[in-house]
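Dear colleague,

Please find below the structure that I am handing over to you. My notes on its salt bridges follow.

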Amino acid sequence: MKRTFIAFLSAMALTIGAQAQKKSGAIQYQTSIDPIAMAEASGFPISEEMKARMPKSIKANYELLYNATNASFMPVTETEDSNSGGGGQPNMGRMMMRFGGFGGGNKEYYYTFADQKVVEVFDLMDTTYVMPTKLTVNVVNPMMGRQNGGGNQSQTTSAVQFLNVPPTVEVIKSDETKKIVNLNCNKVTIKTTRKATVLGMEKDITDETVLWYTNDLGFSFSPDPNLWTEGTVLAIEKKGGGMLATSIEYRGVSSKDVSAPKKAISITPEQYQAKQAAMMARFRNNGNRQGGSMRIN
């Protein structure tokens with residue numbers, strides 16, 4: 001009986017030690033998208049000439065650092081595409097990553113676990129900004145990078161016009177499970193239905209995004225703050241691309257590595273959208289003056 005009790009205590013100590021070890025570490029993620037498939041799935045018309053110039057795939061690597069209270073998530077390598085090997089069209093890579101909603105391009109994200117708050121840190125026009133947000137399900141227009149139903153104008157391409165009405169969002173839980181980086185993960189699907197006119201005919205455009213999350217780590221996180229229901233998201237799967245945790249290392253992480261920079265200007269999402277709209281207007285004007293060529297950094 002005494003031996004059994006000692007064995008029980010030893011097993012409990014090992015379990016507690018393993019759980020404590022998981023309170024700090026680093027997780028590597030890789031994003032891979034097929035820009036042609038992603039654009040076509042969103043209703044964006046692509047000519048054969050444009051397809052020939054676009055990369056077949058774009059990949060980028062990111063790292064999540066976390067401790068017991070906070071986390072940071074940021075890119076760790078230059079975006080690479082199949083046409084340039086990372087050296088020829090870095091701006092195209094960043095643009096398509098933002099288009100796909102993966103990783104936020106060159107943004108850095110800082111998470112506070114206690115209140116599930118997130119701040120985005122990014123450079124815009126030689127100024128560093130910090131923008132508060134929150135983990136949630138927040139459907140973003142795949143074409144314009146803005147919330148559906150916001151603003152006074154419909155969101156259009158030459159073939160597709162998204163109507164200015166809020167989308168229908170359904171969160172579907174599943175009993176399906178799998179292991180990612182040796183952690184138990186559950187599946188949830190976010191199904192979005194948007195009203196749109198396609199070549200003049202009104203129809204519903206349905207899109208599904210699959211999240212794989214784990215509760216083994218004990219904190220809330222998603223590489224995309226707009227795609228989160230619970231737990232730590234280790235994989236995101238959507239049309240034309242996805243993001244996957246590829247490795248995890250349990251180790252010490254200092255508070256400095258997971259704290260947002262203090263020397264940054266605070267900006268609201270509305271102010272950010274206004275600045276983005278102003279930048280796009282300048283790009284369009286420059287493109288018109290230069291015969292249609294436009295560069296996006």
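How many salt bridges does the count come to? The count is 6 salt bridges, where a salt bridge is a side-chain nitrogen of Lys or Arg within 4 Å of a carboxyl oxygen of Asp or Glu.

This is a predicted model, in which local features need pLDDT of at least 70 and side-chain atom pairs count only at pLDDT 80 or more, while totals for chains, interfaces and linings use all residues. Residues are numbered from 1 along each chain as its sequence is written, and side-chain values use heavy atoms, with hydrogens and water left out.

One of the salt bridges joins E120 to K107, with the closest N and O atoms 2.8 Å apart. E120 lies in strand β6 and K107 in the loop between α4 and β5, so the pair ties together parts 13 residues apart in sequence. Helices (H or I, at least four residues) and strands (E, at least two) are DSSP runs, numbered from the N terminus. E120 is buried, at 9% relative accessible area, and K107 is also buried, at 11%. Here buried means under 20% relative accessible area, exposed over 50%, and partly exposed in between (1.4 Å probe, protein chains only).

A further salt bridge links E230 and K173 at 3.0 Å, N to O. E230 is in the loop between β12 and β13 and K173 in strand β10, so parts 57 residues apart in sequence are tied together. E230 is partly exposed, at 22%, whereas K173 is exposed, at 60%.

Yours sincerely
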